[in-house]
Amino acid sequence: MKDSNLSPRDSYAPNGFTRNASTTSAEVYNNSCKVMLIGDSGSGKTCLLVRFKDGAFLSGTFISTVGIDFRNKVVDVDGTKVKLQIWDTAGQERFRSVTHAYYRDAHALLLLYDVTNKNSFDNIRAWLAEINEYAQEDVVIMLLGNKADMTAERVIRKEEGEKLAKDHNVAFMETSAKTGMNVDLAFMAIARDLKMKKTRKPSDPAFNVAEYITKEQQTSGCCGS
Ligand SMILES: Nc1nc2c(ncn2[C@@H]2O[C@H](COP(=O)(O)OP(=O)(O)OP(=O)(O)O)[C@@H](O)[C@H]2O)c(=O)[nH]1
Ligand SMILES: [Mg+2]
């Protein structure tokens, strides 16, 4: 495992959270959450993470992730700091047993397929079965149809993704790590969900990620980044 984002000031806590000297407030620590990126190799998990963390796109030669890696990002949800610890898993089959161990602590799972690759879409059912087996029951699942910018190569229509997500009762969006479309929205919806779970009073209505992203996509137009 590579701790690519750990500076000497960071310490790695056994419960899976890192503590950064510049964000030491108890508030941020309490609002830490673990997000896992899963899906077939080549679907764009690493690129999605780099886009969200650094605002850049990794073009050029495809370097497949080995094992598992993570990056941290602290985001602001209506004045509350939420720390997302994002685990980028290898999609290749041979690493599957390594990644299984990480599902249990995940607050949210971003499950990617590539809209230009039918296999990656067909494999979503198998990924959902894995989630069922290894993740917590209340894990937040978001299905993401990535590479939406590749119009000419597209083989999976947006409606097909929507239907699959509906059948399995999970949130859905199309994204592009290349243009940034919906990337921030996906991670921010998860951060908001965590904040709501921590701060919600019993009388408040439950936060629904799927409804939130539908509403946000409507208010920000079709192609906001
Ligand atoms: N056009 C386009 N290309 C993308 C996008 N996301 C990823 N790619 C390309 O797809 C290839 C695979 O991307 P990665 O992010 O490395 O894929 P991965 O899911 O992390 O793959 P593994 O680490 O093997 O599981 C790379 O060549 C990227 O440049 C996107 O949104 N649009
Ligand atoms: Mg990768």
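Me: Which residues is Gln92 in contact with, leaving aside its neighbours within four places in sequence?
Reply: This is a predicted model, and in it Gln92 is in contact with Ser41 and Ser64. Gln92 itself is found in the loop between strand 5 and helix 3 (96-103).

Me: How far apart are Gln92 and Ser41 in sequence and in space?
Reply: They are 51 residues apart in sequence, and their C-alpha atoms are 5.3 Å apart in space. For the chain as a whole, residues 24 or more positions apart account for 70% of the contacts with a separation of 6 or more.

Me: Is Gln92 buried, exposed or partly exposed, and why?
Reply: The reading comes from counting C-beta atoms around the residue: 20 or more within 10 Å means buried, 12 or fewer means exposed, and anything in between is partly exposed. Gln92 has 14 C-beta neighbours inside 10 Å, so it counts as partly exposed. Phe95 is found in the loop between strand 5 and helix 3. With 17 other C-beta atoms within 10 Å, Phe95 is also partly exposed.

Me: What does Phe95 touch, not counting residues up to four places away in sequence?
Reply: Phe95 touches Gly67 and Ala90. The C-alpha atoms of Phe95 and Ile68 are separated by 8.6 Å, and these two residues are 27 apart along the chain.

Me: Which residues are closest to ligand 1?
Reply: The closest are Ser41, Gly44, Ser64, Thr65 and Gly91, out of 22 residues that surround ligand 1. Ser41 and Ser64 were named above as contacts of Gln92. By type, the shell around ligand 1 divides into six nonpolar, twelve polar and four charged residues.

Me: Which helix gives the most to that shell around ligand 1?
Reply: Helix 2 (residues 45-54) does, with three residues. The chain has eight helices and eight strands.

Me: How many of the residues of helix 2 are buried?
Reply: Seven of its ten residues are buried, and helix 2 is mostly covered. The buried ones are Lys45, Thr46, Cys47, Leu48, Leu49, Arg51 and Phe52. They pack against strand 3 (32-39), strand 4, strand 5, strand 6 (108-114), strand 7 and helix 7. In the chain of 225 residues, 37% count as buried.

Me: Where should I look for a nonpolar core?
Reply: In soluble globular proteins, nonpolar side chains tend to be buried together. Here the largest nonpolar core has 50 residues, and Val35, Leu109, Leu110, Leu111, Met142 and Leu143 touch the most other members. Helix 7 (residues 183-199) supplies the largest share of this core, seven residues.

Me: What does Leu143 touch, not counting residues up to four places away in sequence?
Reply: Leu143 touches Leu111, Ile124, Gly161, Leu164, Ala165, Val170, Ala171 and Phe172.

Me: Which way do the residues of strand 8 point?
Reply: In a regular strand the side chains alternate between the two faces of the sheet. In strand 8 (residues 171-174), Ala171 and Met173 point one way, while Phe172 and Glu174 point the other way. All of these residues are buried.

Me: How many bridges join strand 7 to strand 8?
Reply: Four bridges join them, and the two strands run parallel. Between the two, the chain passes through helix 6, and this β-α-β crossover is right-handed.

Me: What should I make of a positive phi?
Reply: Most residues other than glycine have a negative phi. Asp78 is not a glycine, yet it has a positive phi of about 45°. Asp78 is found in the loop between strand 4 (68-77) and strand 5 (80-89). Lys147 is another non-glycine residue with a positive phi, of about 70°. Lys147 has its place in the loop between strand 7 (140-146) and helix 6 (158-167).

Notes:
Residues are numbered from 1 along each chain as its sequence is written. Chains are lettered from A and ligands numbered from 1 in the order in which they are written. This is a predicted model: local features need pLDDT of at least 70, side-chain atom pairs count only at pLDDT 80 or more; totals for chains, interfaces and linings use all residues. A residue is near a molecule or strand if its C-beta atom, placed from the backbone, lies within 6 Å of it. Ala, Val, Leu, Ile, Met, Phe, Trp, Tyr, Cys and Pro count as nonpolar, Asp, Glu, Lys and Arg as charged, and the others, Gly among them, as polar. Two residues are in contact if their C-beta atoms, placed from the backbone, lie within 7 Å. A nonpolar core is a set of buried Ala, Val, Leu, Ile, Met, Phe, Trp, Tyr and Cys residues joined through C-beta atoms within 7 Å. Two strands pair if DSSP finds at least two bridges between them. A crossover is right-handed if, with the strands pointing away from the viewer, the path from the first strand over the helix to the second runs clockwise.
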